[in-house]
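Trainee: I would like to go through some of the labels used for this model and see what each one rests on.
Mentor: Go ahead, one label at a time.

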Amino acid sequence: MKRALVHVFLASLLRRRLATALSLFAIALGAALGLAVQLIHSAALDEFGRGMRLLSGEADLQVVGPRRGFDDAVYVMLAQRPEVAQASPVLELEARLPGREGSLRIFGIDLFRVAQVAPVLMPMPMDDGDRAERFAALQSDALFLSAAARSELGVDPGDLLSVQAGTRELPLTIAGAVPGAGLAQALGVMDIAAAQQVFDRIGRLTRVDIRLVRGAERDVLQQRLRALLPAGVEILPPEAAESQAAGLSRAYRVNLTMLTAIALVTGGFLVFSTQLLSVVRRRQEFAFLRALGLDRASLVRGLLAEGGMLGLVGAAIGVALAYAITALAFRLIGGDLGAGYFRGVAPEIHFRPGLSAIYLTLGVLAGVAGAWLPAREAARMLPARALRSGDEREVFSIQAHWPAAVTCLAGAAVLCLLPPIAGVPLFGYVAVALILAGAVLLLPDAARMAMTLFRHARPVLLRLAHARLAFAPGQIVVAGAGVVASVALAVSMAIMVSSFRGSVDEWLSQVLPAGLYVRASSSAATGYLGPEEVARIASLAGIASVQAVRYDTLRLSERFPMTLIARPVRDGTPLPLVSGSASNVAVTPGDMLPVWISEAMADLLRLGVGDVLSLPLAGQDHAFRVAGIWRDYARQHGAAVIELDDYRKLTGDPLTNDLGVHLSPGTSTEAVMSAIRETLGERTIEISLPGEIRAVSLAIFDRTFLVTYLMQAVAVLIGLFGISTTFAALATSRRKEFGVLQHLGLLRREIGTLLGAEAALTAAVGVCVGMVAGAAISVVLVEIVNRQSFHWSMDLSLPIGLLSIFGASLILLAALAARLSGRQAMRRSAVFAVREDW
Amino acid sequence: MLEIEGLSKGFSGTAAQALFSGLALTLAQGECVAIMGESGVGKSTLLNCIAGLEPIDGGRMVLDGTDLAALDEDAWALLRRRKLGFVFQAFHVLPHLTLLQNVALPMWLLDVAGDEAETRAHEMLRRVGLGARASDWPKHLSGGEMQRVAIARALVHCPSLVLCDEPTGNLDPERAREVLDLLLERIREAGAMGILVTHSAAAAARTDRVLRLSRDGLVEDRDGA
């Protein structure tokens, strides 16, 4: 059997080189994309975690609070606790650098404490031998930079570096290095008192790193210390930040992995098509072997080995390709594939034997699964009948499976009702797979229905094409299954992306009502506008009104920090509400204050309109009533909007992050922008027009979906391969038929047109079924997968024009591909063709 | 009328190694001839040359006044469509067309209106004894029935010349006799010319003339054996 396996089965892969090459290519692409996505994300997560662990040092627990920080009395209290061996206070800031792109992460540390808990942050002065220099770290303008930061900023010890606090520009002296930070971490370190002073954070901390006494139980002490902390301040193990980041990006990573899995499944369909056609062509060969004594099981094993070999070699090529893609992706788009989850992380590629083995196995499984039905078909063949020609109709008379199809579709509908598991919409993905399976199972019925439409066609070539496809609808199933899968994927993604992009565009126009926007820095960085600066802008000529917005983060339990947005709401400033109301909320004394929460927050905290939400502001919990739920595409982890006046009353914080400026009618935007720059200085503020913000936001959106577009292109390419290989194989197996037609007077090019017409009809059925399946899958993606993954709702939008062009192009390309692939078969003389036994 | 003069054809298209050369043949309208000869002498190749399916190396062929040597590939295809009919040893009835569709196919190619094409195809099937089975699929037919369909297909569009390559080679003697009767009867009824390549002396004897192809050329076989 071993010799038979090699000579009869595996050698057949070498004989049909084109089909083998395309199958290998399809499986290689599926495996490569899947593994590359895994490699990229695991490398990025590893590097992110490594950075987090490095900066946490030897801390057992970390006390963290909102972005604005918390009172440093918390540190004093913790340092005095008997179970705390060491406590190190930290003020972590994202310092805006005036006149430069980006910001610098600065850690304000207590020099006498940090060495015990996070020694990597220990600064090293320029000249270690001089005692005066040794205390340079305590100077109020001394900043120590890691090697990566010095390299990025192009500064050396002794140089001055300007940082921004509010709209003030302050020069700091580069006093030395942070050798423990390694080469990858771009950060600066300064004395905590100096940092508080420079950045107007007197008495504020953002973190306290804690080392517990030897033998202490961390979980117990975490609970005990938590009870002592003010509202909004949380105590967490250092690895929590890592798992929060992993959790935040998990849905995105799973989404991409699922997309690549569909590419691999499409590759499996291609193996199915090529193997089934190969079985049709080799029926007499198999019948002869069976007559010689080859048993059914050996025949099945041999054919499965062919599929397995295709999968193995394809996946091996794919694995090698994956490492190349990963290296390229790290160089071109970074470690997050453009999604922004791991910004600033510089991951490195490592060989991962476990992951690589999984994708090799998946490739083999795709190959074997693709070969399964053809092998079963070959085993069912009756040798005596197959030795006579012309019984291939039995292979192509694939039966309808509508009860199974209906079961699949009903199962998908039921699964859509189930909740996510650990934030991942697993049932949604299974529903997508079931819809796809249902669509493929419906293909024979769809083919029969489609053929009845052409029953009365008059042109002879269309008649012949119709007769062939009606006679052997399985041919449509074989060639069309890959098309259905790829079109369904492409169409569902196109509808989802179009709906998402349209909704984001609409959302941007709602959240950007002002004529222009002024800010001193991003909300995460150290720039802000004070009340006087806001007043000066408001008083400028041509400005009708200004609307201030203040951002902070909120720590609600151990979750990733949620965003607090304080801004006017009840005055009619638009908020993209999906439920509740904004302007009709009347607040009488004694009532709870209103809060409008994002869909993500509503989902994560299971809140609805009218529910009570406790928000920790200025160290105290305050009860708010949910007045509305709004759509927020900017923050996946949740956001809450409260009235700016309420926020200021409760916190006493008068600062502003973003200022929306409404211009008086007839005012020149350019003139107002110049006036604002003259008033506050050009280097310390950023002025943006709504159109610019919108364009940048949509560019980020498109970059995030770049990988998705790539997957769509791959899926469509594989679908076209399916049509092409199927018709190439069919053209070869139908040489005798074409020979007879030539005898009867059909021109060579007319036979090409006949093949093209059959391919066009096949592709049209595949495209129609794929489009319907794609539309159904898009509903699952929009309503279930996206909603459960990212907590975003969106309005369904069908890009009908785009889809029509796509469908028509695919049908045309399929016809061309079939015509081209049939050319080879028609080179053979009609005389020789009819001489072959029918 | 078919006139062939000085026809030559080499092995694999090379005139240097002649398969046959200087062949001459004239067929009057309504005449049916048999061509006999040893295997490999070029009988089928001669048919293919006459049908324009294999290029010739020299000579002249005129069918109903048309100089066939001047035709390009497309013109040959159109000529086959209008003027030729074929009957093969292996039947070559298309399995995905019904019997009616198989017989109507030559008329579809000539753009004969749908109803007329089907009426004529039906009539032709009736004449070969398969009128009641017009909507059947070929896989339900015996070999003899299959060849009847092929005969109907070869004659339905009233060709000038019917080329038959061992039409009874796959049939038992009884079926072969029936099919040959039918074939010659229909060719004569249609007033077409016929060339029958066969190894069977009995079959050849049923035609108007018997020719023998050999290395010496195409000569009349007056013995018919």
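Trainee: What share of the contacts in chain B with a separation of 6 or more comes from residues 24 or more positions apart?
Mentor: The model is a predicted one. In chain B, 69% of the contacts with a separation of 6 or more are between residues 24 or more positions apart.

Trainee: How do you know whether the radius of gyration of chain B agrees or disagrees with that of a compact globule?
Mentor: For 225 residues the globule rule gives a value near 17 Å, and chain B has 17 Å, so the two agree. The C-alpha trace of chain B spans about 50 × 40 × 30 Å along its principal axes. Of the 225 residues, 48% are buried. The secondary structure of chain B consists of seven helices and ten strands.

Trainee: Why is Asp64(B) called partly exposed?
Mentor: Asp64(B) has 14 other C-beta atoms within 10 Å. Buried needs 20 or more and exposed needs 12 or fewer, so a count of 14 makes Asp64(B) partly exposed.

Trainee: Where is Asp64(B) found, and what is its phi?
Mentor: Asp64(B) is in the loop of chain B between β4 (58–63) and β5 (66–67). Its phi is positive, about 50°, although Asp64(B) is not a glycine.

Trainee: What makes Ala618(A) buried, exposed or partly exposed?
Mentor: The count for Ala618(A) is 17 other C-beta atoms within 10 Å. That falls between 12 and 20, so Ala618(A) is partly exposed. Ala618(A), not a glycine, has a positive phi of about 50°, and lies in the loop between β18 (612–617) and β19 (620–630) of chain A.

Methods
Residues are numbered from 1 along each chain as its sequence is written. Chains are lettered from A and ligands numbered from 1 in the order in which they are written. This is a predicted model: local features need pLDDT of at least 70, side-chain atom pairs count only at pLDDT 80 or more; totals for chains, interfaces and linings use all residues. Helices (H or I, at least four residues) and strands (E, at least two) are DSSP runs, numbered from the N terminus. The radius of gyration is taken over C-alpha atoms; the globule rule is 2.2 Å times the number of residues to the power 0.38. Two residues are in contact if their C-beta atoms, placed from the backbone, lie within 7 Å.
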